[in-house]
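Colleague: Before I plan anything around this protein, could we go through the model together, one point at a time?

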Amino acid sequence: MTTSVLRGRLVREDSVVEDGIIEFDGTTITRVCPVSEYEGETPEASDATYLPGLVDVHCHGGGGESFPNAETAEEALVAVLEHRRHGTTSLVASCVTASAEVLRARAKTLAQLARAGELAGIHFEGPFVSHERCGAQDPTYIVDPDADLTRTLIADCQGFALSMTLAPEKPNAYGPGSVAEALIDGGAIPSWGHTDSNSVKAREALAYSRERFSQVETKRGPRATITHLFNGMRPLHHRDTGPIAEFLSDAARGGAVAELICDSIHVDPSLVRDVYELVGREHVVLITDAMAAAGMADGEYTLGPQDVIVKDGVARLAQGNAIAGGTAHLMDCVRVAVTRGGIPLVDAVYMASVQGATILGDDSIGSLAAGKKADIVEVDADLAVRRVWRRGTVVA
């Protein structure tokens, strides 16, 4: 193995090292320290800033390819590589609401990439979601929660099912014999969202998630997630509260982790900052919700069974005008969080790296530390990506 040494500003879990060293042999980081503590030959000082490889736990595609539409592993890999080149070294592929046959086919295809180490997991956004808050999910294929179908999809994922978005108000969403039970028992996570729920159902679903996680031994959890908080759910109103206050309350009490799409389109950056300040970085994960148009020009695309038009970087359904996923890379979201949301760089990076690794239950990724995989992103002073290493190999 060849030893590689990088020198620059290092963003670690809890601090920034202004002049530091990252040493890695092959695929593994062997040392991270200030230059003053390094005993080997040091490179010349540079203006580079190094971050851990980012971890996106909710992504539908990029580079012109869509995970919900990919019929081959080769097609899906195009999207993986698009995000990898922009700093996301661990990626979860997200499906959308579709027929059971299509979901099973996609699960098997994506599991091939996960087995090969190209994907970190698989997320199902539906089909057990709300008609009223379906967003870009095709209502034609929305069905009531089915624990047997859930177990089948988990099996099709061959150990790589990460999570499933479902609405807590739907029958059999949580409780004995429910979809939430099937997910947690199967090593996956219920992600509450695309919901028109009232506060009662939302609170009960979150309480059940905690209870079931406490009864099952799994590397996932013990926290549920909230699918793209604020998007695809009943808005917060002081007399008709809906689920949002309950989601925030549970997160503030050490429970759920809230996904936030910090792309300046889905959620105002000031609100991202407010949620971060309310519940802390340990209960927020930045995601892209990206679709095929990430990294591509405006134009016509597809997201599962639906046609999408992208104009000025905003993806909307061709019919109905609902926002239909994002077009940003996760590094773009980190940049927005820092420059427009005023969130400290250390915490923004944490929410885009360590947090995703924690949700995945993978302690080999997500931070710059000895023993971790050599997933490293070099950025400039404006947080623009210069180079990316994945498992010690330069990919961009």
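Colleague: Which strand pairs with strand 8, and in which sense?

Modeller: This is a predicted model, and in it strand 8 covers residues 88–96. Val92 stands opposite Gly121, a residue of strand 9. Over five bridges, strand 8 pairs with strand 9, and the sense is parallel.

Colleague: What is the handedness of the unit made by strand 8, helix 2 and strand 9?

Modeller: Helix 2, residues 100–115, belongs with strand 8 and strand 9 to a β-α-β unit. The handedness of that unit is right-handed.

Colleague: Which residue in strand 10 is the bridge partner of His123?

Modeller: Strand 9 also pairs with strand 10, residues 161–166, in the parallel sense over four bridges. The chain passes from strand 9 through helix 3 (residues 147–156) to strand 10 in a right-handed β-α-β crossover. Within this pairing, the partner of His123 is Ser163.

Colleague: Is helix 6 parallel or oblique to helix 7, and why?

Modeller: Leu248, Ala251 and Ala252 of helix 6 meet Val275, Leu278 and Val279 of helix 7, a contact with six nonpolar, no polar and no charged residues. The two helices pack with their axes 8 Å apart, at an angle of about 45 degrees. Because of that angle, helix 6 is, relative to helix 7, oblique.

Conventions. Residues are numbered from 1 along each chain as its sequence is written. This is a predicted model: local features need pLDDT of at least 70, side-chain atom pairs count only at pLDDT 80 or more; totals for chains, interfaces and linings use all residues. Side-chain values use heavy atoms; hydrogens and water are left out. Two strands pair if DSSP finds at least two bridges between them. A crossover is right-handed if, with the strands pointing away from the viewer, the path from the first strand over the helix to the second runs clockwise. Axes are lines fitted to C-alpha atoms, for helices over the stretch in contact, and angles run from 0 to 180 degrees between N-to-C directions. Angles under 35 degrees count as roughly parallel, over 145 as roughly antiparallel, 65 to 115 as roughly perpendicular and the rest as oblique. Contact means heavy atoms within 4.5 Å. Ala, Val, Leu, Ile, Met, Phe, Trp, Tyr, Cys and Pro count as nonpolar, Asp, Glu, Lys and Arg as charged, and the others, Gly among them, as polar.
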